[in-house]
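Let's walk through this model together, with the sequence and the 3D view side by side.

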Amino acid sequence: MKRIFVLCLIIMTAHLGAQELISGEAALGTQEYDRFEKPESCYSCHVDIYMQWRQAMMSQSYTHHWDEIEYFDLAVAHAEKVPELKGPVDGCNGCHAPLSYLAGDVTPPRPEAGSRANEGVSCDLCHTVTAINTDDDYPYNFSYVVEPGRVKYGTKEGLVSPHHVTKKLDIYGQAEFCGNCHNEKNPFGVWVKSTQIEWSEGPYAEQGVPCHQCHMPKALGRNAKMAQEDMVAQHLFNGAHDPGKVGGAIEIRMHPLEREIEYDGTVELKIQLFNGKAGHKIPTGSVEDRILWLHVTATDADGKEYHLPVDSKGFDGEEYTIASDELAYIDMGLPKGIDNFKGVPRDGVPVGDRIFRMPYLDPDGVMTIQQWNTAKLGVDYRIGPRETKIETYTWDLPDDIPEGIVTFKAVLNFQKLVKPVADFLGVPEDESEIMIVNTAETWVEIYE
Ligand code: HEC
Ligand code: HEC
Ligand code: HEC
Ligand code: HEC
Ligand code: HEC
């Protein structure tokens, strides 16, 4: 894979000839806002695509409430206290408000000011990328090279437009194009975002299924008002903010090892969790924020409900994958200006539930949601593409269990942002609402 990618890089950059490739931090302040067209000018012809993009997170990467809170109340506030962080925190905009970064307008005005930062990841930013320029095996940290102007690049050959010149460039069909922003290395050299890397190591890369097939699926339509009908890449970019995308992403099934059990016996349940729908690990991307957890209950013949904690497997770092009520996120105290901040509960989900996650650890080894302050990653207990994990639940029946059927229910839940953090920072509810990924049921019969 690495070989192929290096080869692509050479081909990709070849057309630029001797021209210098400017990307990443070096691109700060190298452009002007006026060189980029506004999305509304594309709307006049690309109506459908524009409206899809408007609805996607891509157009809200700067204005979305949680982005504004994390950027201004934590990241910018942190950099005011720790000046070395200014560069990396300005760098947030390389992906979230690329035009501002390129124009050197950092820190950009707040969203309410209505500046061009609000365009987020805009049409003209993506469609004037001409190369990927990375010093690593993978693209990362806004490693795109952009040449705004008359030429708009895409995956199709020879299209004619009254407004611009069109040109085909192979990178537009490749996952590496997305990796420019969906891989991120922080000031500690830690990969705090690695969606494209996860993809490249999984089965979908091997089978030639890039991000586009799931996030920009092709359908019959017109890519511009005046165009012929053709298969058109839908600009959906739907991910964790779409309950339909998250729903069913992992399938779960469960069974007991024995169906009939004596009243003083023990039930043993196995649960399989299969990532059949995502091309990367789940959770991916903003892994520091997300929480995916399995909640299992039993209901006896009298209707009494019991909560079943997961059996421990005993691997290193497992404590981060079993819900507890300990406190974490203490490093928010500095940007928030709270002395001796004790933190907030780490998980906010029922104690004993299995959590599928990879903890981000601050320089003191405490869990953090501040990806820029992440010195180390903990155990990676996420579910990889087409991977199946098995969890076991051993339950000694309570003394007073009645005869009859006991039903078991497993619910796999997802939150985009850990609830205690969302509440502490005043992030609107929709960011921490519980999304149900999947459920499963089974039963045993208890006899005297
Ligand atoms: C006046 C109408 C018009 C405007 C305005 C316009 N386009 Fe187009 N664009 C077209 C037409 C027509 C095509 C060709 C469609 C076809 O034949 O399938 C096209 C094709 C494209 C393609 C496909 C290129 C390829 O080779 O795959 C891209 C990308 C594109 N436009 C981007 C943009 C962007 C970005 C903007 C705004 C900055 C924009 N367009 C504004 C009419 C327009
Ligand atoms: C995150 C980057 C990104 C953004 C933002 C984006 N596009 Fe695209 N666009 C792409 C990629 C990648 C393709 C090629 C998809 C493929 O062929 O699989 C594409 C394809 C297209 C095409 C050709 C579609 C086809 O299949 O014929 C048009 C037209 C287009 N984009 C216009 C726009 C317009 C207009 C906007 C803003 C409203 C926009 N794009 C926003 C990345 C982007
Ligand atoms: C210029 C940087 C950039 C490029 C290139 C880019 N993205 Fe993104 N993408 C972002 C940012 C920033 C967000 C986060 C928006 C937000 O703040 O929630 C995002 C969000 C998304 C989401 C929504 C995630 C969610 O939480 O709902 C999906 C899906 C996605 N991108 C897929 C892609 C794909 C597929 C490509 C390549 C075709 C791509 N992106 C290229 C910057 C980029
Ligand atoms: C086989 C289909 C498939 C492929 C290929 C795929 N994804 Fe996804 N992606 C999904 C599904 C399903 C989800 C929803 C589950 C989730 O949130 O993880 C998702 C979620 C996401 C999210 C949101 C994650 C979060 O928690 O915010 C991002 C961002 C994303 N994908 C980007 C990408 C990028 C970039 C690539 C290519 C490197 C890619 N995806 C390849 C299916 C796919
Ligand atoms: C290399 C590109 C890149 C950089 C640099 C970057 N981000 Fe992001 N950010 C993304 C992408 C892509 C996503 C979407 C991932 C996903 O959906 O899981 C994202 C997601 C987020 C989210 C979650 C959005 C949501 O709605 O759930 C927040 C908040 C955020 N970023 C803030 C920041 C801050 C603050 C910084 C700077 C310290 C920063 N980002 C730096 C690319 C970047």
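**Ligands, domains and strands**

Ligand 4 lies between domain 1 (2–233) and domain 2 (243–447), because both give residues to the shell around it; the domain bounds come from an automatic or database domain assignment. Before going further, please keep in mind that this is a predicted model, in which local features need pLDDT of at least 70 and side-chain atom pairs count only at pLDDT 80 or more, while totals for chains, interfaces and linings use all residues. Residues are numbered from 1 along each chain as its sequence is written, and chains are lettered from A and ligands numbered from 1 in the order in which they are written.

Stay with ligand 4 for a moment. Its shell holds 27 residues, of which Cys211, Cys214, Gly239, Ala240 and Gly279 come nearest; a residue counts as near if its C-beta atom, placed from the backbone, lies within 6 Å of the molecule or strand. Helices α8, α9, α11 and α12 (243–246) each supply at least two residues of this shell. Here and below, helices (H or I, at least four residues) and strands (E, at least two) are DSSP runs, numbered from the N terminus. By class, the shell around ligand 4 has 13 nonpolar, 11 polar and 3 charged residues. In this count Ala, Val, Leu, Ile, Met, Phe, Trp, Tyr, Cys and Pro are nonpolar, Asp, Glu, Lys and Arg are charged, and the others, Gly among them, are polar.

Now turn to ligand 3. There are 25 residues around it, and the nearest are Ser61, Cys178, Cys181, Cys211 and Gly239. At least two residues each come from α5 (86–96), α7 (123–126), α8 (175–182) and α11 (212–215), with α8 giving the largest share, 5 residues. The shell around ligand 3 divides into 14 nonpolar, 10 polar and 1 charged.

How do the two domains meet? Their centres, taken over C-alpha atoms, are separated by 33 Å. The contact takes 28 residues from domain 1 and 24 residues from domain 2, where two residues are in contact if their C-beta atoms, placed from the backbone, lie within 7 Å. On the side of domain 1 that touches domain 2, two or more residues come from each of α4, α5, β6 (191–194), α9 (195–200) and α10 (203–206). Helix α4 gives the largest share of that side, 9 residues. The residues of this side divide into 18 nonpolar, 6 polar and 4 charged.

Next, look at the strands. An open sheet is formed by 3 strands in the order β9-β11-β19, with antiparallel pairing; two strands pair if DSSP finds at least two bridges between them. Strands β9 (250–256) and β19 (388–396) stand at the edges with a single partner strand each, so one side of each is left without a neighbour in the sheet. Between β9 and β11 (residues 266–275) there are 7 bridges, and Arg253 has Gln272 in β11 as its bridge partner. Elsewhere, β12 (residues 291–299) and β20 (residues 404–415) pair in the antiparallel sense over 9 bridges, with Thr299 partnered by Thr407 in β20. Strand β20 is also joined to β21 (residues 435–447) by 11 bridges, again antiparallel, and there Val406 stands opposite Val444 in β21.

A few backbone details deserve a look. Most residues other than glycine have a negative phi, and most peptide bonds are trans. Cis peptide bonds join Val106 to Thr107, with omega about -10°, and Ile282 to Pro283, with omega about -5°. Thr107 is in the loop between α6 (98–103) and α7, whereas Pro283 is in the loop between β11 and β12. Phe142, in the loop between β1 (129–132) and β2 (144–146), has a positive phi of about 45° although it is not a glycine.

Finally, a word on confidence. The protein averages a pLDDT of 96, and 96% of the residues score at least 70; pLDDT is the predictor's confidence in each residue, from 0 to 100. Over residues 1–18 pLDDT stays under 50, and the model has 13 contacts beyond four places in sequence for them. Where pLDDT is low, the predicted coordinates should not be read in detail.
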